[in-house]
Number of protein chains: 2
Amino acid sequence: MRAGPILAGDLRALARAATAIENRAPGAETLLRELFPHTGRALVIGITGPPGAGKSTLVDHLIRLLRDEGRRVGVICVDPSSPWTGGAILGDRIRMQRHHDDPGVFIRSMAARGCLGGLARATTDMTVLLDAAGFDTILIETVGVGQDEVEIAKLAGVTVVLLVPGLGDGVQALKAGIMEIADVFVLNKADLPGADRLEREVKAVLGLATRPPEVDAAWTPPVVRTVASEGRGVAEALAAIRAYPGGRKAGNWAALLREMLRERLLERFADTDFQKAGEEVAARRRDPYSLVDEWIDTHTI
Amino acid sequence: MRAGPILAGDLRALARAATAIENRAPGAETLLRELFPHTGRALVIGITGPPGAGKSTLVDHLIRLLRDEGRRVGVICVDPSSPWTGGAILGDRIRMQRHHDDPGVFIRSMAARGCLGGLARATTDMTVLLDAAGFDTILIETVGVGQDEVEIAKLAGVTVVLLVPGLGDGVQALKAGIMEIADVFVLNKADLPGADRLEREVKAVLGLATRPPEVDAAWTPPVVRTVASEGRGVAEALAAIRAYPGGRKAGNWAALLREMLRERLLERFADTDFQKAGEEVAARRRDPYSLVDEWIDTHTI
């Protein structure tokens, strides 16, 4: 695989590279190294929120708006929550078909990689590829509200958190830890009862929340109301997203580098029979602590 | 720290050991090695479900039932979702006070450990401690529905997933990936409208779901209805939990061993300035791929 055709906008080369990256094919990492210096131009927008908040609908309307502006849009759908079902979910497949004929839209779904983790790394690699290939706006859509979303939010230059009335109250949202990662709140389904109350609660919580130190402390996340199903408020949401000054990138990369290192280290233990070791421990023939020590002692990395 | 007093049931020694384990104090690992051969007797019950499903209330009633039977109950509350707020949540503190005078109940809250992960490991260690100390039933309560919950579910001998009517439909729950890890479903707030529909949906999805290979494929997870706030159905839920034959333990330990190894490997890089490296990458002066290679080359592990 060569970087040239991808940088020149060859869509078939791009699709092949995406598959190679997903499969960790030989040569994928060399390609990424070559592409990396050509990145940093795209606006990377993370979009997260609880299931049922309307993320897919919002993303659809954002794609449409961005295409009307003539932008090239990359979309990465991340579903870290289902390690066994895997694969693209039905809604993504339908969406991919809709944009199938538009060379200005590239959509890829990624599911969890199982115990080895690597979803943050895989999403990073795909972002590098799309950025280098000249997609000027990249949307990373994540399902759910767990630790993985927090990790993946670090990939984005700006993170949008969707909330909807009636999916639990503001305090629950705080508990789920997504309040701290939001640079912009989108209050979707704003025509439902409870929208006013939710907005008040979000603003009250924002007053209390401590934003992590790597985030621009001077920025107060705005709350934008949308009815994404009708496209209402989506342009305003995009304007709010673009107004965010950014500035989290070094911290993001620090976290990602750590994740990449962790993954690379574990690759050296590919020959270790964890299943058999697990049986030994389950039978109490070994303790897990001395077993891990032993592995480290016997592997020169 | 010595194992003797803990194995003999000394509660002050237990509390000191719990704190040492949480803080990764020197000597904690040696203690865990000594305790490990004395474990494997406790029934470890994982309890998960979306925020607002009533996990805390169910756990409260389970504690009461188990205490009435004369059992000693350990409770580990895990909140992996909020990396920045951290600490025990208010409800847990209230609960801990309620059982403060009962030496047969030991409750500990754990929050996320930040980027280094380690929550699965920390929860494992605490389970080892409580099991060795003679707590015959250990409840691990996790908040949320993300990948972390899936990891932590692997610690448990039996996993209970709580669902409630009105927090999104069955298809959403499937999307969130918790259907596959459930050994027992508890349909809480069963007096709310929509309970019948939710039960039908869960059963329909169960018909479609592929349970992971390490799980007993012959077991069909039962759906037990509760109104936990009134204690209704909790005894039936406990009976269903105990009816599960188990058998996931070797696979659980395999995953945990991998996690422990990953964590230990990363400890060797404690002196690495990830923040500075992140700045280099953000400025495109370095690419992340060659940087990680370089770290591995220069660290003899």
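Two strands are taken to pair if DSSP finds at least two bridges between them. In the predicted model described here, strand β5 of chain B (residues 158-163) meets this criterion with β6(B), the two being joined in the parallel sense over 4 bridges. One contact point of this pairing is L163(B), whose bridge partner in β6(B) is L187(B). Strand β6(B) is also joined to strand β7 of chain B (residues 223-225), again in parallel, through 3 bridges. Here L187(B) stands opposite R225(B) of β7(B).

Strand β6 of chain B spans residues 184-187 and is covered on both faces. V184(B) and V186(B) lie on one side, F185(B) and L187(B) lie on the other, and all four are buried. In a regular strand the side chains alternate between the two faces of the sheet.

The largest nonpolar core comprises 164 residues. The residues with the most contacts inside this core are L129, V184 and F185 of chain A, together with L129, V184 and F185 of chain B. In soluble globular proteins, nonpolar side chains tend to be buried together. For L129(B), when neighbours within four places in sequence are left aside, the contacts are with A17(B), A18(B), I21(B) and L35(B).

At the level of the whole chain, the secondary structure of chain A comprises 13 helices and 7 strands. Of the 301 residues of chain A, 51% are buried. Among contacts in chain A with a separation of 6 or more, 79% are between residues 24 or more positions apart.

R284(A) has a positive phi of about 65 degrees although it is not a glycine. This residue is located in the loop that links α12 (274-282) to α13 (288-298) of chain A. R284(A) is classed as exposed because it has 12 C-beta neighbours inside 10 Å, the limit for that class being 12 or fewer. In chain B, R24(B), likewise not a glycine, shows a positive phi of about 50 degrees. R24(B) belongs to the loop between α2 (11-22) and α3 (28-35) of chain B. With 14 C-beta neighbours inside 10 Å, R24(B) is therefore counted as partly exposed.

Notes: Residues numbered from 1 in each chain as written. Chains lettered and ligands numbered in written order. Predicted model: local features only at pLDDT ≥ 70, side-chain atom pairs only at ≥ 80, totals over all residues. Buried ≥ 20, exposed ≤ 12 C-beta atoms within 10 Å, placed from the backbone. Contact = placed C-beta atoms within 7 Å. Core = buried A, V, L, I, M, F, W, Y, C linked by C-beta atoms within 7 Å.
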